[in-house]
Number of protein chains: 2
Amino acid sequence: MWPPRLSGDGSRPRAKREENHVSMRYLHTMVRIGNIEQSLDFYCAKLGMQEVRRVESEAGRYTLIFLAAPEDKAKAAAQRAPLLELTFNWDPEKYGEGRNFGHLAFEVDDIYQTCERLMKTGVTINRPPRDGRMAFVRSPDNISIELLQKGEAQAKKEPWSSMPNSGKW
Amino acid sequence: MWPPRLSGDGSRPRAKREENHVSMRYLHTMVRIGNIEQSLDFYCAKLGMQEVRRVESEAGRYTLIFLAAPEDKAKAAAQRAPLLELTFNWDPEKYGEGRNFGHLAFEVDDIYQTCERLMKTGVTINRPPRDGRMAFVRSPDNISIELLQKGEAQAKKEPWSSMPNSGKW
């Protein structure tokens with residue numbers, strides 16, 4: 001049993017596990033945004049997230065906006081919902097993307113309805129839910145967002161099943 | 001009351017709010033990893049996260065590993081913990097980073113103890129908790145991780161309060 005296994009699969013010796021025990025919980029994922037209005041239009045008005053907290057720092061010259069998905073916000077007591085933190089730096093920067101970050105994923109009740117609503121407001125569905133289960137869109141700063149049908153995939157149907165991909169995600 | 005406010009602050013007219021109502025919840029943040037062993041060593045053995053699910057796709061030539069922070073895993077019923085998804089593509093890629101993604105943040109019971117444990121295992125504390133509250137480290141693929149003291153900041157103390165930054169985060 002030595003060296004200890006590293007995959008957290010419970011096979012490590014007890015003493016080692018105790019030593020490694022930590023109390024730790026997920027708070028948020030932070031992404032940087034180039035424009036507050038465009039980002040709130042995308043994440044809140046179009047995608048449906050809700051603002052839960054805002055911090056403005058004159059000294060640090062930044063604005064932090066914390067968003068929650070509606071179901072998380074409704075169920076979480078005392079601000080324990082997993083959050084998305086939007087950081088807006090008052091001094092403009094260029095926000096390129098990197099492949100080490102993949103995407104943020106959210107579960108939705110109806111993937112078709114969600115994508116239809118997004119399309120109507122001008123959001124490109126980069127990966128349409130051809131399979132009745134999964135779609136990808138991108139934020140104004142090219143953060144990839146995965147939308148997943150809750151539970152089982154829905155039956156395939158048009159116009160989705162034959163809709164081509166658009167760009168990358 | 002027109003145009004509707006976009007910040008999700010509840011000031012939008014009722015009709016607009018109803019129309020925009022969506023059921024949606026956060027599932028995970030996905031990051032790509034270049035090496036499974038090194039990543040599990042960092043995220044699980046060192047940081048303390050736990051593996052909750054693994055998917056191997058021979059056809060897609062990828063492995064997906066889902067991790068949860070221990071407190072989230074313990075409290076969440078039926079896999080409803082916010083997760084971190086590690087994607088390992090079997091065909092190697094280069095994983096550069098971009099500024100549009102910021103970091104993942106976790107709350108810990110004792111920021112000093114956490115940083116001491118990480119340092120002992122060879123993890124660089126890029127931003128030491130000089131203020132008794134906040135630290136930053138990086139994953140093997142340069143994903144920035146913020147560690148935040150639960151509740152109030154701890155009293156400042158050495159060696160932390162005079163420890164310099166190291167690299168970027």
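How many salt bridges does the rule find across the interface of chain A and chain B? The rule finds six. The structure is a predicted model, and this briefing covers the contact between its two chains, the relation between the copies, and some local features within each chain. A rotation of 180° superposes chain A on chain B, with an RMSD of 0.0 Å. The area buried between the two chains is about 5,300 Å².

**Extent of the interface**

- Chain A brings 59 residues to the contact, and chain B brings 58 residues.
- Carbon and sulfur atoms give 52% of the area of about 5,300 Å² that is buried between chain A and chain B.
- On the side of chain A, the residues that lose the most area to chain B are Met24(A), Arg99(A) and Asn100(A). Together these residues make up 16% of what that side buries.
- The size of an interface is often expressed as the accessible area lost when the parts come together.

**Polar and charged pairs across the interface**

- Between chain A and chain B, 42 residue pairs are in polar contact, with both residues at pLDDT 80 or more.
- Several elements of chain A give two or more residues to the side that touches chain B, including helix H1 (14–20), helix H2 (36–46), helix H3 (70–75) and strand S7 (144–149).
- Strand S1 (24–32) of chain A is also one of these elements, and S1(A) gives the most to that side, with nine residues.
- By class, the side of chain A that touches chain B holds 23 nonpolar, 14 polar and 22 charged residues.
- Side chains of opposite charge can pair when their charged atoms come close.
- Arg25(A) and Glu107(B) form a salt bridge, and their closest N and O atoms are 3.0 Å apart.

**Strand pairing between the chains**

- S1(A) and strand S5 (residues 101–108) of chain B run antiparallel and are joined by seven bridges.
- Arg25(A) has Glu107(B) as its bridge partner in S5(B).

**Relation between the copies**

- Two copies of a chain are related by a rotation about an axis and a shift along it.
- For chain A and chain B the rotation is 180° and the shift along its axis is 0.0 Å. The two copies are therefore related as by a two-fold rotation axis.
- Gly98(A) comes closest to the rotation axis of the residues of chain A, with its C-alpha at 2.0 Å.
- The same surface serves both copies, as 98% of the contact residues of chain A recur in chain B.

- Within chain A, Arg61(A) forms a salt bridge with Asp91(A), and the closest N and O atoms are 3.0 Å apart. This pair links distant parts of the chain, 30 residues apart. Arg61(A) is in the loop between S2 and strand S3 (62–68) of chain A, and Asp91(A) is in the loop between S4 and S5 of chain A.
- Phi of Arg61(A) is near 55°, a positive value in a residue other than glycine.
- In chain B, strand S2 (residues 50–57) and strand S3 (residues 62–68) pair in the antiparallel sense over seven bridges. Val55(B) stands opposite Leu64(B) in S3(B).
- S2(B) and S3(B) form a hairpin with four residues between them, and Arg61(B) in the turn has a positive phi of about 55°.

**Cis peptide bonds**

- In chain A, a cis peptide bond joins Glu158(A) and Pro159(A), with omega about 5°. Pro159(A) lies in the segment after S7 of chain A.
- In chain B, a cis peptide bond joins Glu158(B) and Pro159(B), with omega about 5°. Pro159(B) is in the segment after strand S7 (144–149) of chain B.

Terms used: Residues numbered from 1 in each chain as written. Chains lettered and ligands numbered in written order. Predicted model: local features only at pLDDT ≥ 70, side-chain atom pairs only at ≥ 80, totals over all residues. Heavy atoms only, no water. Contact = heavy atoms within 4.5 Å. Buried area = accessible area lost by both parts, 1.4 Å probe. Salt bridge = Lys/Arg side-chain N within 4 Å of Asp/Glu carboxyl O. Polar contact = N/O pair within 3.5 Å; in protein donor to acceptor, adjacent residues only side chain to side chain. Nonpolar A, V, L, I, M, F, W, Y, C, P; charged D, E, K, R; others polar. Pairing = 2+ DSSP bridges. Least-squares fit on C-alpha atoms with pLDDT ≥ 70 in both.
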